[in-house]
Amino acid sequence: MSLLVVGLSHRSAPVSVLERASLNADAKAKLLHDTLAAEPAAEATVLATCNRIELYADVDKFHAGVSELSTLLAQHSGVALEELTPYLYVHYEDRAVHHLFSVACGLDSMVVGEGQILGQIKDALALGQELHTAGRLINDLFQQALRVGKRAHSETGIDRAGQSLVTFGLEQLAVHLPVREWAVGKRALVLGAGSMSSLAAATLARVGFAEIAVANRTAERAERLAEILVASGTGVAARAVAMSAAADELTRVDVVVSCTGATGLVLTADDVAAAVSRGSAAHTSAGPDDRGSAPDPAPQTPTGLDGVDAGVVARLVAAADGGRRRLADAGAVRVLAAVPEGDGCPVGDGRAAIAGVDASSLELHGTWADQGEAAAQRQPRRGVRAQVDGVAVRLALLDLAMPRDIDAAVHRIPGVRLVDIESLAEASADAPMAADVDAVRGIVTEEVAAFGAAQRAAHITPTVVALRAMAAEVVAMEVARLDGRVPDLDERQRAEVTQTVRRVVDKLLHAPTVRVKQLASEPGGAGYAEALRELFDLDPQTVASVSRADAADQNDDSGRAS
C-alpha cells in the first residue's frame, strides 16, 4: 500500500472553483465512507479548508487510485469531473509526505507561515479517527505532520514570514497605515461566532477597535462571544445583535469582518449600498464621536463578571497577537475536548468560568458556535476589486468565508472597500520570502526522509516478528523431542538445555534481523521483507496476522489527535 493525495488549492484553482467545490461536514463524512468502499483505498481522510480540499488515502494501485479519488472528489464537491480535473494535483508516496509537511509548516498557505493550518490538520486527523477511516499510515502521517509544523514554528522565524488571514486582511484594509493607528476609535461588526470569527473578534479588540458587535444566527453564541470580549481587559465595548439586524448595523460601523458557515450570501450589494447611503447622511450631521447611530453600549463588565481578573482573561487577546501565541497556532478545538452540540457554551457561565478563560477556551467557544449553523444556497461570485479609487472609505469589508459571505458586487459602491480570499491571495503572492522559509524547507526535507525510513522499517517489522516466532516454535518442538528421547533429565537440566538452544537461535538471528531493518529503512529497501519471507519460507498469513495485531494495538493507543 502507498500514500496518495489528490486535491486542489488556491495555488492550482481559481477562487470561483474553490467556492463551488467546498465540502460541508456531511459531505466530508460521505466522501470518506465512499473512499473506503472503493477498491483501491484501505484508509483515508480529507483536509478541507477555505483554500484547499485534499483527499489522502492509502492505495494499492496508483492509476486506479488517482481515477477513483478524483471521481469521488467531483461527486461530493458538486463540480463536474471534467471541470475539476484541470485544477487537480496528485502527489504520491514521498512527494505526498513532503506536500503535507509543507502544508503543516505554512509553506503552502495563502499567507506563508500562518499557523492556523495546524488546527485544520488536527481536524482532518480527528475526523478520520472518529469515522474509523484513518489507519496506521494516516495516523502516523498526520501526527508527524503536526509535530513537524510545531517544530518549524518553534525552531525558525517562519511566524515572521506571515500571519493569520485575519491580521493580513486588516493590513490590506488599512492600506498604507499601521493597523493599530488605522483601528483607533473604529467600530466593527463581526458576522459569525465560530472559530475564525472568534479569532477575528479577538484580533480586532487587540489592535484597538473601540466597539465590536457580534451577529450570529444563534443569539446565545453571539452573546457568549461578546461577554468574552468585554472580559478581555482591552477596554473594547462588545455586544450581540441579531443576524437579521446585520444590515441595519452597517450604518453605524466602519469595518465588517465576516466568516460564517452559510452557503448563501449574508450581505448583498443592496444591503451595503443602502447602509452606506444612510450612514453617509448620518455622518454628515454627526460629530467625531457621534456617528448618527444608536447610543453606545456602556463598556461595562456584563452581569456576573464583576471582579474578573483582567490579567487572566486578557490572555485570549494576547493569544490573537503575532508570534507563537497566536490563536491561529492554538489549533482547532474539536480534538481538544468534546463539544456538545445542543448544550451550553463549553466555556461555561458566570464569573468563575470567565475568569479562567484562555486561548483554548475562546476556541472552544468558536467550535461550539461552528456546530449546527443554518445554511442557504450560495450565489455565484462576480468580479472582485480590493481598492477604492479617489473616494474616502466609508465602509471596509473583510470576507474570510469560503464560499463568500459578502456579494463581490459591493466593490462597485463608492466608499466601500472589499478584501476577500481572492484579493488576499493576490496580495500574498507579492510578499517577499523570508530567509526563515529556507530553514523550514530544510526541516521538511529532513523530516520526510525520517518518516520514510521509519515507515520502511515498520514495514519489515511484521516479517521479523514472524521469523522470530517461527524460531521459537522450532525451539519448542526440539525441546519436546528431547524430552521424549531423554526422559531422565531433571527440571534443572531441561531448563539449561532449553536456554542454551534459545541463546544459539537468538545469536544466529540477531545480526541478520538488525541488518535487514537497517537496509529496509533506506530508499529502495522495500524488497528486503519479501526476500526474508522467501529465504525462511515464512507463511504470508502469519506475517499478515502480525501486521493486523500491531495495527489494532496502535489504533487502541492512538486516541485523538494531540
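This is a predicted model: local features need pLDDT of at least 70, side-chain atom pairs count only at pLDDT 80 or more; totals for chains, interfaces and linings use all residues.
Entry 1: H5 covers residues 94–104, and H7 covers residues 136–155. I looked up the packing angle next: about 45 degrees, with the two axes 8 Å apart.

Then I checked who meets whom. From H5 I noted Val-97, Leu-100, Phe-101 and Ala-104. On the H7 side they meet Leu-141, Phe-142, Gln-144, Ala-145, Val-148 and Gly-149.

**Entry 2: the sheet.** I went on to the open sheet of four strands, whose order reads S2-S3-S1-S4, with antiparallel pairing. Its edge strands are S2 (41–49) and S4 (89–92), and each of these pairs on one side only. On average, neighbouring strands in this sheet are turned by 15 degrees against each other, if I ignore direction.

I zoomed in on S1 (residues 2–9) and S4: they run antiparallel and are joined by four bridges. Which residue in S4 is the bridge partner of Val-6? I found Val-90 there.

**Entry 3: the cores.** I wanted to see where the nonpolar residues gather. The largest nonpolar core has 74 residues, and Trp-182, Leu-229 and Leu-400 have the most contacts inside it. Helix H11 (residues 195–207) gives the most to this core: seven residues. I also jotted down a second, separate core of 34 residues, which includes Leu-3, Val-97, Leu-100 and Val-448. Val-97 and Leu-100 were already in my notes, as H5 residues that meet H7.

Leaving out residues up to four places away in sequence, its contacts include Ala-201, Ala-202, Ala-205, Ile-212 and Val-214. Thr-234, Val-236 and Ala-238 are touched by Leu-229 as well.

**Entry 4: a glycine.** Last, I looked up Gly-65, in helix H3 (residues 62–77). Is Gly-65 buried or exposed? The cut-off for buried is under 20% relative accessible area, and Gly-65 has 0%, so it counts as buried. Beyond four places in sequence, Gly-65 touches Leu-4, Pro-40 and Val-59. I checked the Pro-40 pair: 25 residues apart in sequence, but 5.5 Å apart in space, C-alpha to C-alpha.

Conventions:
Residues are numbered from 1 along each chain as its sequence is written. Side-chain values use heavy atoms; hydrogens and water are left out. Helices (H or I, at least four residues) and strands (E, at least two) are DSSP runs, numbered from the N terminus. Buried means under 20% relative accessible area, exposed over 50%, partly exposed in between (1.4 Å probe, protein chains only). Contact means heavy atoms within 4.5 Å. A nonpolar core is a set of buried Ala, Val, Leu, Ile, Met, Phe, Trp, Tyr and Cys residues joined through side-chain atoms within 4.5 Å. Two strands pair if DSSP finds at least two bridges between them. Axes are lines fitted to C-alpha atoms, for helices over the stretch in contact, and angles run from 0 to 180 degrees between N-to-C directions.
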